[in-house]
Amino acid sequence: MNKRTCTLATALVTALALGATGCSDGKKSGSPTERKNPAVANNGTAIGGTPQKGGTLHVLSNQDFTHLDPARNWVMPDMDFGTRLIYRTLLTYKAEPGAKGGELTTDLAEDLGVSSNGAKTWTFKLKPGLKYEDGTPITAQDVKYNVERSFSPDLPGGPDYAARYLVGAEGYQGPAKGKHLDSVKTPDDRTIVFELRVPFAEFPYAVTLPTFSPVPKARDKGPQYDNRPFSSGPYKVETYARDKQLVLVRNSHWSPATDTVRKAYPDRIVVTMGLKGGQIDDRIIASGGTDASAVSWAAMRPESASKVLTKPDVKARLLAESQNCTEMVQMHTGRAPFDNPKVRQAVNHALDREAVMTAAGGPAVTDPATAYMPALLSGGKQADTLKIPLSGDVEKAKQLLKEAGKPGGFSTSVTVSANDKAVGEAIQQSLGRAGIKVTIETVDPGAFYDTIGDTKNRTDIVYSGWCPDFPSGSTFLPFLFDGRYIKEKGNSGNHSLFRDDATMKRMDEIAAMTDAAQANKAWQELDAKILTEAPAAPALVRRKPLLVGTNIAGAYGHTGFSGQIDYATIGLKDPSKSTR
């Protein structure tokens with residue numbers, strides 16, 4: 001590390017009382033399991049006790065939502081917010097802290113689904129009495145319609161499980177011209193049947209995603225639906241000024257008798273956008289006025305750590321659940337020089353993960369990534385097959401560049417979210433040690449995924465991550481490295497644009513396995529194999545450090561939503577304090 005980074009790391013370590021982590025001299029640091037992490041004391045429990053009904057919950061955010069249209073919503077925090085507050089899905093996750101939160105439960109459907117035809121056909125029956133915000137009934141046809149509209153070219157960016165698994169999905173362009181998917185059947189208003197092209201025993205997990213929410217055709221406004229999704233959940237949109245403020249109020253036609261998950265404690269939820277990260281932290285730390293009834297949307301800023309973790313009363317209001325998302329440096333494998341595996345391997349060896357971790361908040365809120373799949377999918381601990389020191393191996397990187405015909409290095413550019421500018425600088429500095437000159441392009445967080453999803457106009461490198469939609473390798477490696485689902489616009493996951501026939505064939509073979517243990521082992525082996533091709537360099541796995549105000553109750557980071565606050569159960573200790 002250079003002096004500036006080393007000083008910051010040491011200051012953080014001192015403030016966080018982590019002991020002698022120190023600065024790397026090129027030797028491998030202690031493993032994540034050896035590090036004492038003081039920011040996780042509240043994991044597995046809810047802060048503030050049981051909420052009281054009423055009042056206004058304030059959410060302080062540095063950004064707008066990427067998408068609230070359920071056909072396009074595929075960013076974990078946005079999915080949490082949308083599916084817990086505005087719209088319901090066929091199934092969902094239990095509203096509980098800790099491991100229990102990863103368990104499935106019913107939502108719109110009466111049970112967890114009935115499989116037939118060797119897990120290639122799945123049938124769900126909707127509960128009776130389900131209603132939209134205007135009192136009209138929610139039907140199976142509305143769920144089918146939203147699944148179909150998720151294929152529309154003008155609605156890119158959403159979950160693509162339907163495209164991957166439904167019979168007849170290839171080439172389908174949505175329902176705009178009156179064409180429908182025969183593989184989604186609705187024999188009556190309360191029954192929906194999905195016919196899959198391959199067995200998929202985990203399909204019930206897939207229907208927790210927003211794609212499997214209802215949208216009434218009469219309310220669909222195409223891309224404009226993003227601004228005013230029609231509510232099937234406990235809250236409806238009162239006002240939404242993009243990049244400024246979203247106000248939710250109660251949906252009087254939502255019935256808790258049909259919903260065992262959402263508690264809907266607050267009367268109103270106000271999301272204020274466009275705030276600076278440090279400003280959000282300072283306001284919630286102070287908890288003055290309505291800020292006592294506020295929660296942060298974005299992760300706590302690294303510079304706020306010393307203000308939080310050294311003060312027991314403030315630290316008690318910090319959540320830091322693991323996101324189980326691997327962040328990585330993804331290289332465009334279809335463009336020179338990154339079409340050469342040796343160049344990509346050089347980036348893997350040059351990357352200083354300790355510097356990246358420090359830039360992302362330090363060891364209290366990050367763990368190093370040594371593989372693509374997170375520990376959640378790897379038996380509780382990430383594999384480390386390459387054995388690259390955390391600070392990198394610069395000499396090996398230079399050797400690989402020489403073998404690739406780039407002995408003097410080369411120039412390239414990386415896109416990072418504006419929130420990750422410091423991470424971009426750490427990437428720039430670490431690759432620069434091997435002669436790779438990196439220009440940083442920052443993008444507003446609300447536009448980040450649309451920007452890097454434009455495969456023709458994006459930079460050579462992007463810094464992004466991937467979170468499993470549920471605890472299976474089938475939700476991870478195929479979405480990152482299956483070249484058959486790359487899109488020109490709205491591309492998600494596979495930002496390395498990696499296309500390898502042998503890899504895709506093996507993915508299909510593993511997906512067809514019916515023995516879960518056998519499949520899990522095979523995914524881990526495939527992870528190690530892809531890592532040798534180096535389409536991306538794994539960097540870190542973050543925790544989600546989120547601050548809550550002194551008047552907040554029922555707050556916990558939900559494991560099923562990558563550590564984001566579970567909006568199904570959050571509320572206030574004293575609702576009367578939320579408006580003054």
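Let's start with threonine 415, which sits in strand β14 (residues 410-417); strands (E, at least two residues) and helices (H or I, at least four) are DSSP runs, numbered from the N terminus. Threonine 415 is buried, with a relative accessible area of 3%. Here, buried means under 20% relative accessible area, exposed means over 50%, and partly exposed is in between (1.4 Å probe, protein chains only). So who does threonine 415 touch, leaving aside neighbours within four places in sequence? Its contacts are Glu441, Val443, Phe448, Ile452, Thr459, Ile461, Val462 and Tyr463, where contact means heavy atoms within 4.5 Å.

A quick word on the model itself. It is predicted, so local features need pLDDT of at least 70 and side-chain atom pairs count only at pLDDT 80 or more, while totals for chains, interfaces and linings use all residues. Residues are numbered from 1 along each chain as its sequence is written, and side-chain values use heavy atoms, with hydrogens and water left out.

**Proline 51**

Now look at proline 51, in the loop between α1 (3-15) and β1 (56-60). Proline 51 is buried too, at a relative accessible area of 7%. Proline 51 and glycine 571 are 520 residues apart in sequence, yet their C-alpha atoms are 4.9 Å apart in space. Not counting residues up to four places away in sequence, proline 51 touches Tyr265, Ala553, Gly554, Thr569, Ile570, Gly571 and Leu572.

**The disulfide**

How many disulfides does the structure hold? There is one, a disulfide being a pair of cysteine sulfur atoms within 2.5 Å. It joins cysteine 325 to cysteine 467, with an S to S distance of 2.0 Å. The two partners come from distant parts of the chain, 142 residues apart: cysteine 325 is in strand β12 (residues 318-331), and cysteine 467 is in the loop between β16 (461-466) and α14 (477-481). The torsion about the S-S bond is about 105 degrees, so this disulfide is right-handed. Cysteine 325 is buried at 5% relative accessible area, and cysteine 467 is buried at 18%.

**Salt bridges**

Next come the charged pairs. A salt bridge is a side-chain nitrogen of Lys or Arg within 4 Å of a carboxyl oxygen of Asp or Glu, and by this rule the count comes to 34. Here are some of them:

| Aspartate 107 | Arginine 88 | 2.7 Å |

Take the salt bridge between aspartate 107 and arginine 88. Aspartate 107 lies in the loop between β3 (104-106) and β4 (114-116), and arginine 88 in the loop between α2 (76-86) and β2 (91-93), so the pair ties together parts that are 19 residues apart in sequence. Both aspartate 107 and arginine 88 are buried. They also belong to a network of salt bridges that links Arg88, Asp107, Asp259 and Arg262.
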